[in-house]
Structure formats: C-alpha cells, structure tokens
Amino acid sequence: MLLRIFSFLMFQALGAWLGHQIAPEALRIRGMLAGMLGAGILWGLYDFTRGLRVLQWLRTDALAVAPPLRLGLWGQVAERVSRAARMRERAARESELRLQNVLAALQASPNGVLLLDAAGRIEWLNQTAAAHLGLDPARDLQQHLVNLVRNPAFTAYLASGQYGGGVTLPGRAHNSVNPVRLSVQLHEYGEGRRLLLSRDVTLVEQAEAMRRDFVANVSHEIRTPLTVLSGFVETLQTLPLQEDERARYLDLMAQQAERMQALVNDLLMLSRLEGSPPPGEGEWVALPAMMRQLQQEAQTLSVVLHPARPDAKTRMVQAQGGQTLDFEPTPAYELAGANNELHSALSNLVSNAVRYTPTEGTVRCGWRLLEVDGRLDSAEFWVQDTGPGIAAEHIPRLTERFYRVDRSRSRETGGTGLGLAIVKHVAQRHGAELKVESTLGQGSRFALVFPAHRLRPMVAR
Ligand code: ADP
C-alpha cells in the first residue's frame, strides 16, 4: 500500500515538475496543475493495465503459471490468490487421496460393499459386491439396484425399510452343483443413503447343515440300540422268564451295549483327531509288531463273523474260520507317527475287508516299499478283498461320517459308519494318502501311502 501511495506521489511530483518546466513563466502554476492531472491519468492507466494483467492471469490458469506481478497492490492480490488456490488444491488432493485410500480399503474387503444414494441408485461398489450380485462396477453405476438384482426376497427386503435381520439369497454364480449363498445386510447412513454389505455364507451354511446332520445321525445311531436295550429291560422286569431265555436276552443286551460303546469310542477318536495338533515325527512305530497285532485281531473277528464250514480247506496263513486271511511278510521298517492312531486306521481297513467279504472270500494285506530311481519314495499299506466291491459313485463319499453303502451289512457286523472317516483323518495327520480302487462284484483295494521321510529301517536292538 505504501508503494502505491509513494508511486502515485512520485507521478504527481514528476507531472508537477514537467508542467513547471514546460509551461511559460506566467502559466507555471497552471502548468504544474495540468502536469499533475496528466500524471494522475497516466498513473491510473498504468495501474489499470496492471489490474488487467492480474485479471487476465486469473482468467487463465491461476495455478499453472506464476503470478505476472510481484510488487504493489496488484502483485499482493495475485500472490494471495495464488497462495489460496495452492492451499485449496493441496487440501483437495489430500482429501482425494484419503477418499482413494478408503475406497481401496473397501475394495480389499472380503465382503461385498455397495453404496446406494437416496433414490436407490448405485453410487459405488467393490469387486466382491459386483461378483456376488453379478454387477458391473463401471457400467451399473447410477442404475437402480432393484432393477439389477431380481430376487423377490431381496426386493421385499429393500422396500421394507426394516433392515435389521438381513436377507439370504442365492449368489449370481449359484447352481445346483455349486450352490452359492449370500447374506445381504443394509445399513442406513447420511440422508436416506444406504450401505449394502454382502457376505458369502455358503461354507457357513454347509458347516451348519453338516453339524445338524451329524447331531441327527449320532442321535439316531444311539437311539436304536437304546430302544432295543430298554425294551429288553422292560421284558426282564415284567415277564417271568426261563433261565435260557434270560441268558439269551442278556446276550442281546450286551450286543447293543457294545454297539453303543463302539460308536462312542469312534466319536471320541474322531473328536481327538480333529481337536489335537498332528503327531510329531518323534515317535516311531515298528511295522512288524503292529502287523502281528492286526493279524490276531483280524483272525478273531473273522472267526466270529465267518465260522469255518466242515469242508474248509486249510492254507498256510489262514484263520480258524472259513475266510482266507493272507498277511504278507512285513518289511523291517519303522513309521513315524502316533501308534494308537496308525493302529486304528489300519485296523479299520482290515476289519472292513473281513466284515464285508463273504465267508468263502479272501482278504490279503501287507506293506509295499515303493522306489523311484532306486530310492525309497513311499511305503504303501494295502488291503485287498474279494468282497462285494463298491460302485464308483459311492467311492468319493466313503470317508463322510455315517456314509454307508451297505447299511444292513455294516450294522450286522458292528460297523459304526465312522471307520473310514477316522482313516481319512489319520492319513491327513500323517501326510498319507488314502487310495480306493473297487470293482462291483469283484472286490476292493484300500491303500494308505506314506511318504518316505516318515520311514526308516528298524534299528537292531
Ligand atoms: P462302517 O462302520 O459302516 O463299515 P466305514 O466308514 O468303515 O463304516 O465304511 C463306510 C462304508 O464303506 C461301509 O458302510 C461299506 O458300505 C463301505 N465299505 C468299506 N469298506 C468296504 C469293503 N472292504 N468292501 C465293501 N464295502 C466297503
């Protein structure tokens, strides 16, 4: 401001001096006044052009180009405008960056996020919401959501205004082979705006259905022997029975109690397998000793289930019963793992073969060391039977809990329906693979393949 007054006064002084110099002697005062007037007009014009330059600068891009003036009032105006514009731009950039960060975080969310304006049009959505609802994140912006997601339950939920409970609907990729279930929840915010969150609940629903089925199955499995048991108890309490009848009823009761015990034992085994960390590789199990124990158990079971017929031929390795059991010589190796788990898995495979193979059939089993390029690659425990075989469509489901191909044979022979589920868990915990090959009417072959690093030759003691 001082500069402005100073320059004006300088112009006036210069005008007065020039007027004084140029005017004749008698008109000096008038000349000075005229000079001052002229200088005032010149100063005004000069000031006006400076103002015009600033205006011109403001009209173009006040930020891209530096201010045209630095000094004087116009210089200050330009400088302040430039500074204010720079600050505003920085603030805008920062808030844009914050917005981008928030959107990137929402984009990274495993849940679908979609923003609706007050009219129900899509303002923004992340990729997950787009995939869940079958929308296009670019094309469908500003479209009414209700026109794009055509599901009666969802339309009713959107229109209800009561968003508390959410709604579950099939996802865009849903089909009968691969079901996809979405949980969708709306939340109100701002003025009439809504936030939609979508979550893939397919696995949660499947797990819930499995849990319900499991509880129903266990209850059913326990209820049957319990009903039989309580029936016998009532009979024993109310009817005067002969001694031999009493003994027969008690035998049947013991059978049912054993069945429940087997079921509870298998359930406990399964829950231990699921709830505990996998066994370390510090414990070594000698294969020959384990196989001897398995052979004894198999022979006992075979004799009970398949008593010998008078014409039964005798073989070198044969049970006392009618069924032929062939245990091949076991390699002198040790396997790293939990003894009780490995025994349970192997004995389930052997006892299944004994139980499902008819009396005149044969069950073979043993260990095979598999080499690749002359080096031990893995070891396979295999059980082969000449039983009824299993149709191909059942094989992928055999390890499901309570899945039975032959329901009555399983129950008659004391099966719980949990044996192969236990085998699968033990295999997973020991890095092994369960292989099933079967031909209907010819027999089955079950094998567990253990990796070489879990094996070592037996140490002589
Ligand atoms: P279960 O206690 O009923 O035997 P598992 O889980 O051990 O239950 O086996 C599941 C089903 O697989 C059995 O019910 C049976 O139908 C079938 N299965 C298992 N092993 C054999 C086999 N060696 N031969 C024929 N069917 C078998």
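Let's start at the ligand. By class, the shell around it holds nine nonpolar, seven polar and four charged residues. Keep in mind that this is a predicted model.

Which residues come nearest to the ligand? There are 20 residues around it, and the nearest are Asn352, Tyr356, Ser410, Gly417 and Leu420.

Now the polar atoms. Take asparagine 352. One of its polar side-chain atoms sits 2.8 Å from an oxygen atom of the ligand. Leucine 420 uses its backbone instead: an N or O atom there lies 2.8 Å from a ligand oxygen. Threonine 416 also has a polar backbone atom in place, 2.9 Å from an oxygen atom of the ligand.

How much of the ligand does the protein bury? On its own, the ligand exposes 530 Å², and the protein buries 98% of that.

Which elements give two or more residues to the shell? They are α10, residues 339-356, α12, residues 419-429, and β12, residues 443-451. Helix α10 gives the most, with four residues.

Next, a sheet. Three strands form it, in the order β6-β8-β13. The sheet is open, and the pairing is antiparallel. Its edge strands are β6, at 284-286, and β13, at 455-457; each pairs on one side only. On average, neighbouring strands are turned by 30° against each other, direction ignored.

Look at strand β8, residues 333-336. Strand β8 pairs with β13 over three bridges. Tyrosine 333 stands opposite proline 457 in β13.

Last, what packs on this sheet? Helix α9, residues 287-305, does, touching β6 and β8. The direction of α9 makes about 60° with that of β6.

Conventions. Residues numbered from 1 in each chain as written. Predicted model: local features only at pLDDT ≥ 70, side-chain atom pairs only at ≥ 80, totals over all residues. Heavy atoms only, no water. Near = heavy atom within 4 Å. Polar contact = N/O pair within 3.5 Å; in protein donor to acceptor, adjacent residues only side chain to side chain. Areas by Shrake-Rupley, 256 points an atom, 1.4 Å probe, with all protein chains shown as cover. Nonpolar A, V, L, I, M, F, W, Y, C, P; charged D, E, K, R; others polar. Pairing = 2+ DSSP bridges. Axes fitted to C-alpha atoms, helices over the stretch in contact; angles between N-to-C directions. Contact = heavy atoms within 4.5 Å.
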